[in-house]
Amino acid sequence: MWESARKEVAEKFFHDRIALYRIDLEYNTIGESIEQEVLIGEFACNIQYTPTELRRQEVGESVSHSMRISLPKEVVLSYDKAYKIKMLEARLSFDDSFWRVKGWTEGQISTVIEAVKEVVV
């Protein structure tokens with residue numbers, strides 16, 4: 001039953017494409033941690049973009065961007081890992097920046113992740 005629903009959703013809504021990366025930490029000679037992105041795969045998806053929000057802080061202003069991405073159910077994420085994504089194809093204007101995965105919800109039909117990007121202005 002769920003297989004046919006997943007197929008229907010993918011055919012009707014998954015018109016965008018992302019690359020999903022796991023974040024591994026490597027340490028340099030002085031003990032600083034450096035993030036290394038490890039490609040997990042490229043996936044068809046549905047991107048829902050949230051409008052920009054400007055926040056003022058003591059250190060300046062930041063523009064927070066966020067989006068929700070519906071992915072196929074077979075994408076398996078682990079809560080003890082951190083992830084980033086890059087948009088490869090989308091029905092919106094984008095650049096090749098990394099977006100950090102803030103969290104996700106696993107449903108019966110798809111996995112929905114929330115990703116954020118902050119740009120200091």
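Modeller: A salt bridge here is a side-chain nitrogen of Lys or Arg within 4 Å of a carboxyl oxygen of Asp or Glu, and by this rule the count comes to seven salt bridges. The model is predicted, so local features need pLDDT of at least 70 and side-chain atom pairs count only at pLDDT 80 or more, while totals for chains, interfaces and linings use all residues. Residues are numbered from 1 along each chain as its sequence is written, and side-chain values use heavy atoms, with hydrogens and water left out.

One of these salt bridges joins R91 to D16, with 2.8 Å between the closest N and O atoms. This pair links distant parts of the chain, 75 residues apart, as R91 lies in the loop between strand 4 and strand 5 and D16 in strand 1 (residues 16-27); strands are DSSP runs (E, at least two residues), numbered from the N terminus. R91 is exposed, at a relative accessible area of 53%, whereas D16 is buried, at 3%, where buried means under 20% relative accessible area, exposed over 50% and partly exposed in between (1.4 Å probe, protein chains only).

Strand 1 also supplies R17, whose side chain meets that of E42 in a salt bridge of 3.9 Å, N to O; R17 in strand 1 and E42 in strand 2 (residues 33-57) are 25 residues apart, and their pair again links distant parts of the chain. Both partners count as partly exposed, R17 at 28% relative accessibility and E42 at 44%.

Salt bridges that share partners join E35 and R100 with E37 and K84 into one network.

K84, by contrast, is buried, with a relative accessible area of 10%, and is found in strand 4. The charged end of K84 also sits over the ring of F98, 5.1 Å from its centre, and the charged end of K86 sits over the ring of F98 as well, 4.5 Å from its centre; the criterion is that NZ of Lys or CZ of Arg is within 6 Å of the ring centre and within 35 degrees of the ring normal.

Terms used
Helices (H or I, at least four residues) and strands (E, at least two) are DSSP runs, numbered from the N terminus.
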